Amino acid sequence: MAGGGFSASAPAAGVEFEAKITPIVIISCIMAATGGLMFGYDVGVSGGVTAMDDFLKKFFPVVYRKTQEDLDSNYCKYDNQGLQLFTSSLYLAGLTATFFASYTTRKLGRRLTMLIAGLFFIVGVVLNAAAQDLAMLIIGRILLGCGVGFANQAVPLFLSEIAPTRIRGGLNILFQLNVTIGILFANLVNYGTAKIKGGWGWRLSLGLAGIPAVLLTLGALLVVDTPNSLIERGHPEQGKAVLRKIRGTDNIEPEFLELVEASRIAKEVKHPFRNLVKRRNRPQLVIAVALQIFQQFTGINAIMFYAPVLFDTLGFGNDASLYSTVITGAVNVLSTLVSIYSVDKVGRRMLLLEAGVQMFIAQIVIAIILGIKVTDHSNELHSGYGIAVVVLICTFISAFAWSWGPLGWLIPSETFPLETRSAGQSVTVCVNLLFTFIIAQAFLSMLCHFKFGIFLFFCGWVLIMSFFVLFLLPETKNIPIEEMTERVWKQHWFWKRFMDDYGDVLPSISGYDTKKNGHNGFDPASQL
């Protein structure tokens, strides 16, 4: 979640609050993170289903005929706006739903928002699995998208708020781990259902999304809401009781007072979205938006959505393409585990910078191989080169899965102060889904026109984002979320200039002296 730096009531800034790693925290985080399972399954299943002949025959006969004909270009056989709309309608709906989700996370709490997401998912799954025509299919996808909007808004906030500081990164990444498990599960399901004779395999693929949908709904019924949310909604005693329960200690007063103080400031903000664009909140906003745009322009969703289609285009054939996709899905899950282990040890910046180098090299080599070996009319990619492409795609996916994948969600959720946290997360999810939609809607057309150059397009973006991290992204590991302003933003060579108007806010906080605070001796007035 986020940090505001309003630690006036805490005894001394920079003190780590006492917290045991309690079973209730672990169980709550696992249950909440099933929202990621649902998102991942939806991402993974659509690419596989759109490669199934029976599905194409029923809903997209034009595309089916193109896949059977000898076309002008290997790269263009799946280029169809209707087919792309099937995939991308989910993200457009999620983008719209996230603004309503911002209201519910703030007014009804994180837990209830997750429950709403679960119900949207269940109805969407039923419509998709029973679809008789394209309209029913798209309505089902739109409802799933609403579920994604609500889940992606509430789950990262829930995880960051409930986790002890020292393992906040690892627990938050449970969301992304579940996304990757969902993708792998979808790939395995598609691999099995593609073999079903009788034309109903795609219904099973879409219907099995009901499993994570039910898990999220049950999880939302069983978990407790976060102390931050309870205090923010005017239930301080309940919040204190939950804090005592999840921290496993009676010594919660310093953390409780800090949460109450952050909540008091949050209540003074009547228009969180308007507050979000104020100068002092600009660093968090710029970084949150940039991370979401960059996450999509790594090219990951392009590869994940359409991996079966991509491998089929490369001449692997239907079976081999799904098989290759399962391999990439497994790499994704294992590499996310690396991130859970390392994010609170080596830090966020190091993972992002290392991955930038790895992704850049992998994409350039893929482009060279495809440029030389896959022409518009070649039907096969020689098995040696084919294996090389899969290995390079796995190299790319592993780098993404321990860096931009999880950290694109973790960093925004832990940097916004409480008063703009729901609004900030809403903007984060909205920008993510907007650019996911753009890539999903454009990718097959880009593949048709750019051909192998699509990988060069994305690796140019990887270079840009790596420089952004190097110069503009501060390290946030092991810093309590309500102390981010003092210990991160006011210390950063560039972002500290945006902190000068904190002087207008902080004197009102329980006698807090901005000129003589013990945090770091930084005087905001000196920047005026």
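Among contacts in the chain between residues at least 6 apart in sequence, what percentage join residues at least 24 apart?

**View 1. The whole chain of a predicted model.** Of the contacts (heavy atoms within 4.5 Å) between residues at least 6 apart in sequence, 82% join residues at least 24 apart. The chain holds 23 helices and zero strands, where helices (H or I, at least four residues) and strands (E, at least two) are DSSP runs numbered from the N terminus. Buried residues, meaning those under 20% relative accessible area with a 1.4 Å probe and protein chains only, make up 63% of the 528 residues. The chain exposes about 18,400 Å², of which carbon and sulfur atoms supply 67%; the areas come from the Shrake-Rupley method with a 1.4 Å probe. Residues are numbered from 1 along each chain as its sequence is written, and side-chain values use heavy atoms, with hydrogens and water left out. Because the model is predicted, local features need pLDDT of at least 70 and side-chain atom pairs count only at pLDDT 80 or more, while totals for chains, interfaces and linings use all residues.

**View 2. Arg106 in helix α5.** Arg106 lies in α5, which covers residues 81-107, and is buried, with a relative accessible area of 15%. Not counting residues up to four places away in sequence, Arg106 touches Glu232, Arg233, Ala266, Val269, Pro272, Glu419 and Ser422.

**View 3. Helix α21 and its kink.** Helix α21 (residues 418-450) has a kink of about 45 degrees centred on Phe443, the bend at a residue being the angle between axes fitted to the seven residues ending there and the seven starting there. Of the 33 residues of α21, 28 are buried, so the helix is largely enclosed by the rest of the structure. Just after α21, Lys451 takes a positive phi of about 55 degrees.

**View 4. The second largest cavity.** A cavity is a set of points, on a 1 Å grid over the protein atoms alone, where a 1.4 Å probe fits but cannot get out, and its lining residues have an atom within 4 Å of a point.

How values were computed: Buried means under 20% relative accessible area, exposed over 50%, partly exposed in between (1.4 Å probe, protein chains only). On a 1 Å grid over the protein atoms alone, a cavity is a set of points where a 1.4 Å probe fits but cannot get out, and a pocket is an open set with protein on both sides within 12 Å along at least five of seven lines; lining residues have an atom within 4 Å of a point. Grid points are joined across faces, edges and corners, and a volume is the space filled by probe spheres set on the points.
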